Amino acid sequence: MKYNSPELIFLNGKKLNQKFYLQPTLKIARELLGKIIVRRLEDKILAGKIVETEAYIGEDDPACHAYGGITPRNKVMYLSGGHAYVYFTYGMHYCFNVVTEKEGFPAAVLIRAVEPIMGIELMKKFRNTNDINNLTNGPAKFCQAFQIDKRLNGASLLEDEIFIIEPTNTETFKIVRTPRIGIKQGLDKKWRFFILGNPFVSKTKPTPKP
DNA sequence: CTCTGGATTAGCT
DNA sequence: GCTAATCCAGAGC
């Protein structure tokens, strides 16, 4: 797809604005479900519907990277809502977050899974698989499929490299709320949201009981 | 400076 | 169920 293709102009016109990203983080985590995240590459467009998110809120949230205060790594979380926070973990994976709330308050929404919509063949190439059900059903898989790495850390979602748009058709779905995945602290907070029944939600083991 | 372990995944048992 | 893969932030010295 070319930069000025009708599809891209259409997509850009529906971009979420900063007002959306300045709302309370839990509201954004819930409302991002069903929205379309768009990644612009050299001459291609990748797009997917967000189906699973998690909220990480403030210096008092023990699972949040900003727990205990600002550092070189987490400083992007302190920017105003509408930036991208991308971090590297486990020696081989990236995870993508949407920074939320006003400048100075560290909070973000982790995109845990999306449903592929556009550029699926390219995603298969980046993920080195032909299994559509295994392309973007996890935070690091999504980053690999969408060519997201630390170069996008701090990028503005109001610009064109990566951004989120309103879906064209309004579908209804049921939202489920559970504790977050893969953390050892903060399990008391039910800050993970996903679309019930969507096949692209990440596969997770049952939540262990305390 | 060194050391530890993580908002994960794939592949094997 | 288990663990290797493998980078870097953060903590401790």
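The part I would like to see closely is the surroundings of DNA strand C.

Reply: Happy to. This is a predicted model, so local features are described only at a pLDDT of at least 70 and side-chain atom pairs only at 80 or more, while totals for chains, interfaces and linings use all residues. Residues count from 1 along each chain as its sequence is written, chains are lettered from A and ligands numbered from 1 in the order in which they are written, and side-chain values rest on heavy atoms, with hydrogens and water left out.

Let us begin at the DNA. The residues around DNA strand C are Thr71, Pro72, Arg73, Phe88, Tyr90, Gly91, Met92 and Lys150; a residue is near a strand if one of its heavy atoms lies within 4 Å of it. By class, this surface has four nonpolar, two polar and two charged residues. Here Ala, Val, Leu, Ile, Met, Phe, Trp, Tyr, Cys and Pro count as nonpolar, Asp, Glu, Lys and Arg as charged, and the others, Gly among them, as polar.

Which parts of the DNA does the protein meet? Of the atoms of DNA strand C within 4 Å of the protein, 64% belong to sugar or phosphate, and the rest to bases. Thr71 places a polar side-chain atom 2.6 Å from a phosphate oxygen of DNA strand C. Tyr90 uses a polar backbone atom, which is 3.3 Å from a base oxygen. Gly91 has a polar backbone atom 3.3 Å from a sugar or linking oxygen.

Now look at where Tyr90 sits. Strand 3 (residues 84-89) and strand 4 form a hairpin with three residues between them, and Tyr90 in the turn has a positive phi of about 55°. Helices (H or I, at least four residues) and strands (E, at least two) are DSSP runs, numbered from the N terminus. The two strands run antiparallel and are joined by six bridges; two strands pair if DSSP finds at least two bridges between them. Phe88, one of the residues around the DNA, stands opposite Tyr94 in strand 4.

Follow the chain past strand 4 and you reach Glu101, in the loop between strand 4 (93-99) and strand 5 (107-118).

Glu115 forms a salt bridge with Lys49, with the closest N and O atoms 3.7 Å apart; Lys49 is in strand 2 and Glu115 in strand 5, 66 residues apart. A salt bridge is a side-chain nitrogen of Lys or Arg within 4 Å of a carboxyl oxygen of Asp or Glu. Lys49 is buried because its relative accessibility is 12%, whereas Glu115, at 23%, is partly exposed. The structure holds twelve salt bridges, and Glu52, Glu54, Arg112 and Arg192 are linked in a network of them.

Further along comes helix 4 (120-127). Leu122, Met123, Lys124, Phe126 and Arg127 are buried in this helix. What covers them includes strand 2 (45-57), strand 5 and helix 5, with contact meaning heavy atoms within 4.5 Å. Glu121 is exposed at 58% relative accessibility, but Lys124 is buried at 17%.

Our walk ends at Asn128, in the loop between helix 4 and helix 5 (139-145). Just after helix 4, Asn128 takes a positive phi of about 55°, although it is not a glycine. With 70% relative accessibility, Asn128 counts as exposed.

Conventions
Polar contact = N/O pair within 3.5 Å; in protein donor to acceptor, adjacent residues only side chain to side chain. Buried < 20%, exposed > 50% of the residue type's maximum accessible area, 1.4 Å probe, protein only.
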